[in-house]
Amino acid sequence: MFIDKILLKNYRNIKETILDLSPNLNIILGYNGQGKTNLLESIYLLGTGSSHRSNVDSDLINWHREKALVQVLLKKKDQDLRLSLIFTALQKRIEINNTPYKKISDLIGNLNIVLFSPEDLNLIKGGPSYRRKFLDIEVSQVSPYYYHLLNEYKHILKQRNNLLKNIRDKKDNKELLEVWDEKLIETGSKVINKRIDVVEKLKLLARLGQRKITNGSENLKIDYDCSLSNTGKKEETDIIFKQDLVNNRKEEIYKGYTIFGPHRDDLILKVNDIDIRKFGSQGQQRTTALALKLAELEFMKSETGEYPVLLLDDVFSELDELRRDTLLSVVTDRIQTIITATDLSIPSVLKRDHYKVFNVREGNIKEE
Ligand SMILES: Nc1ncnc2c1ncn2[C@@H]1O[C@H](COP(=O)(O)OP(=O)(O)OP(=O)(O)O)[C@@H](O)[C@H]1O
Ligand SMILES: [Mg+2]
C-alpha cells in the first residue's frame with residue numbers, strides 16, 4: 001500500500017499542506033524544530049489511532065486553532081481509500097470514503113505503518129512495556145480482533161486492580177474476585193496465545209534481518225517471556241493462569257494489583273546467546289532494534305498481503321554505511337518510505353525518478 005496524497009490542516013505547526021508523495025522514497029529535509037516529525041506523527045496517528053509522542057489529543061492541534069485534520073488518499077492492492085481524522089480537544093471524527101465512523105477501531109487496519117525512530121533503542125534498552133507496546137501495536141494493525149481483546153483486557157485489569165485494593169483496605173469482599181478472575185483469565189489467555197503465535201513468526205524474520213544487517217555474524221533469538229509460572233502449551237494457558245491467581249491470592253491483595261498476565265510479559269532478546277539488553281554494545285542494540293522493525297515489515301506483509309508504509313524518523317544519521325545500504329536495499333521499489341533528516345547526501349544508487357524531496361520550514365512543506 002502507499003499514500004498517494006496527504007492533506008494536513010492545523011496539525012501542530014503545519015497549517016495547511018497538500019503533498020503528492022512518491023510510492024517509493026520520500027525524503028523530508030529541514031532544520032531542527034521545523035515540523036518533520038510532526039508530519040510523520042500525523043501519518044502514524046492515522047494508521048494506529050494514537051500519536052507515538054503524546055497521549056493528549058489537544059497537543060496535536062495547532063495552538064491557535066480549535067480543530068485539526070489529517071487526511072490521506074491511500075492506494076491499496078484492491079482498492080483506493082480516503083481516510084480522514086478530524087479532531088478537536090474533546091472528540092475525534094473518522095471518515096472512510098466519506099462515511100463517518102465513531103470508533104478508533106474502525107480506523108485501525110486500513111493504513112498500516114511501521115515507524116522507526118531513534119527512541120526505538122528503548123525497544124532494547126528500555127523496560128518491558130516498550131517491547132509489549134511494540135508487539136501490541138504491530139498485532140493490532142493486522143488484527144482488529146486483537147485490538148479489541150487488548151482493550152477489553154485493559155478494562156478488566158483496571159477493575160480487578162481496584163477491587164484488589166478495596167479488599168486490602170477492607171472496603172470490598174474477597175468473593176467478588178472470582179468473577180473478575182474469570183474474565184481476566186479468559187481475555188488474558190487469548191492475548192498471550194496470540195502473542196506467542198506472533199513471536200514464533202517474528203523469530204524467524206528478525207533472525208534473517210539481523211544476519212542481513214551484520215553480514216551473517218550475529219544471530220538474534222527472540223522469545224516470549226510470559227509472567228505465568230509455566231507457559232508450556234497454548235491449550236493450557238488458561239489453566240496455568242488460574243493456578244497462578246489462586247496460589248498468589250494473598251500477595252495480590254497485599255500489593256493491591258494483578259501480578260500475572262500479559263500486562264507483565266516481555267520479550268527476551270539474545271544475540272549470539274548473549275542477553276542484548278544487558279550486555280550488547282550500543283551498535284548491536286541499534287542493529288537489533290532495526291532487525292525487529294524489518295521483521296515487523298515482513299510480518300505485516302505476510303499477514304495482509306501488502307507492505308505497510310515505513311516511516312523513518314532521523315535514523316539515517318545513526319546508522320553506519322552497511323546498515324544504511326541494507327535498509328535502502330530492503331525498501332527500494334517495494335515499500336513506500338518516508339524519511340526525515342536535517343541533511344542527507346542522497347545515495348548515488350537511487351535513481352532520480354525513485355524518490356521525492358520535500359523541504360520543511362516553520363511548518364511549511366514544499367516539494368523540491
Ligand atoms: N500544537 C502545536 N501547535 C503549534 N506548534 C507546535 C505544536 N506542537 C509542537 N509544535 C512545534 O512544532 C515544531 C516542530 O516539531 P517537530 O518535532 O516536527 O520538529 P522536527 O523538524 O522533527 O525537528 P528535529 O529535527 O529537532 O527532530 C516544534 O518547534 C514545536 O514547538
Ligand atoms: Mg524530529
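Where is Glu 218 placed? Glu 218 sits in the loop between α6 (177-213) and β9 (220-225); helices (H or I, at least four residues) and strands (E, at least two) are DSSP runs, numbered from the N terminus. This is a predicted model, in which local features need pLDDT of at least 70 and side-chain atom pairs count only at pLDDT 80 or more, while totals for chains, interfaces and linings use all residues. Residues are numbered from 1 along each chain as its sequence is written, and side-chain values use heavy atoms, with hydrogens and water left out.

- Glu 218 is buried but has no salt bridge; buried means under 20% relative accessible area, exposed over 50%, and partly exposed in between (1.4 Å probe, protein chains only).
- A salt bridge is a side-chain nitrogen of Lys or Arg within 4 Å of a carboxyl oxygen of Asp or Glu.
- The nearest side chain of opposite charge to Glu 218 is that of Arg 323, 6.1 Å away; Lys and Arg count as positive and Asp and Glu as negative, with His and the chain ends not counted.
- The Glu 218 side chain has a polar contact with the side chain of Gln 210 at 2.7 Å, and another joins it to the side chain of Gln 284 at 3.3 Å.
- A polar contact is a pair of N or O atoms within 3.5 Å; within protein, one must be able to donate a hydrogen and the other to accept it, and residues adjacent in sequence count only if both atoms are side-chain atoms.

**Salt bridges**

- The whole structure holds 24 salt bridges.
- In one of them, Lys 5 pairs with Asp 20, with the closest N and O atoms 2.6 Å apart.
- Lys 5 belongs to strand β1 (residues 2-11) and Asp 20 to strand β2 (residues 14-20), so this pair ties together parts that are 15 residues apart in sequence.
- Lys 5 is partly exposed, at 33% relative accessible area, and Asp 20 is partly exposed at 35%.
- Arg 249 and Asp 181 form a salt bridge through their side chains (2.8 Å, N to O).
- That pair links distant parts of the chain, with Arg 249 in helix α8 (residues 249-255) and Asp 181 in helix α6, 68 residues apart.
- Arg 249 is partly exposed, with a relative accessible area of 21%, whereas Asp 181 is buried at 6%.
- Lys 221 and Asp 223 also meet in a salt bridge (3.1 Å, N to O).

Terms used
Chains are lettered from A and ligands numbered from 1 in the order in which they are written.
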